[in-house]
Amino acid sequence: MAATHLEEMATRGMSTANIMRSQIKQVDAQLALIDEQLSCTRLRAPFDGFVVDGDLSQRIGASVERGEELFKIAPLDAYRVVLEVDERDLAQIAPGQSGALRLSTRPDTSIPYEVARITPIAEQSDGRNFFRVEASLETVPDWVAPSMEGAARTVVEERLVVKVWTRRFVDWLRMTWWRMQP
């Protein structure tokens with residue numbers, strides 16, 4: 001295109017040459033914009049980890065919207081434990097409490113944890129309401145992997161066994177009594 005530009009300057013004049021120079025600048029600007037857009041399409045996680053959710057092979061050729069979640073990545077060196085605490089038990093849980101987690105892959109091994117945060121929004125699954133409680137593991141065994149499931153027990157205040165066994169029934173009775181009141 002540069003040779004054509006010089007030929008136009010020699011044969012037709014400055015106006016045609018200026019138009020061609022502007023077209024060259026416009027094409028260069030379009031190429032720079034495309035290069036910038038391509039550099040933004042690279043997916044990079046801010047840490048090393050495993051992809052635990054997301055499969056782009058099912059979305060080949062489909063459009064992606066800005067802010068859309070494509071993957072969930074779990075870090076290699078730290079795990080976040082998410083406990084599903086029934087709404088009836090939430091009043092007994094507070095940040096800083098300790099507990100023990102047993103994963104299904106090794107039910108004989110307890111992993112100590114500490115409650116870090118309680119999500120203030122209830123979720124529903126399998127016909128029950130629960131709150132997501134985040135906990136951090138005090139030690140992470142080398143056999144732990146992302147997306148493992150298990151059971152957890154959080155240490156709460158000491159109570160009489162009778163109170164523990166009857167608490168849910170008494171709470172149900174109180175709610176039923178309250179609803180029946182005029």
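Predicted model: local features only at pLDDT ≥ 70, side-chain atom pairs only at ≥ 80, totals over all residues.
Reader: How much space lies in the largest pocket, and how many residues line it?
Author: Happy to start there! Among the lining residues, Val 81, Val 82, Leu 83, Glu 84 and Leu 101 lie nearest the centre of the largest pocket. The space in this pocket is about 1400 Å³, and the number of lining residues is 41.

Reader: Which element gives the most to the lining of the largest pocket?
Author: Several elements give two or more residues to this lining, including strand E1 (49–53), strand E4 (98–103) and helix H3 (161–180). Strand E3 (80–86) is also one of them. With seven residues, the element that gives the most is E3.

Reader: Which class of residue has 24 members in the lining of the largest pocket?
Author: Let's go through the classes together. Four of the lining residues are polar and 13 are charged. The class with 24 residues is nonpolar.

Reader: How many bridges pair E5 with E6?
Author: These strands pair in the antiparallel sense. One example is Glu 123, whose bridge partner in E6 is Phe 130. The number of bridges over which E5 and E6 pair is nine.

Reader: Which residue takes a positive phi in the hairpin of E5 and E6?
Author: Good place to look next! This hairpin has two residues between its strands. The phi in question is near 55°, and the residue that takes it is Asp 126.

Methods. Residues numbered from 1 in each chain as written. Heavy atoms only, no water. 1 Å grid on protein atoms, 1.4 Å probe; cavity = no way out; pocket = protein on both sides within 12 Å on 5 of 7 lines; lining within 4 Å. Points joined across faces, edges and corners; volume = space filled by probe spheres on them. Helix = DSSP H or I, 4+ residues; strand = E, 2+ residues; numbered from the N terminus. Nonpolar A, V, L, I, M, F, W, Y, C, P; charged D, E, K, R; others polar. Pairing = 2+ DSSP bridges.
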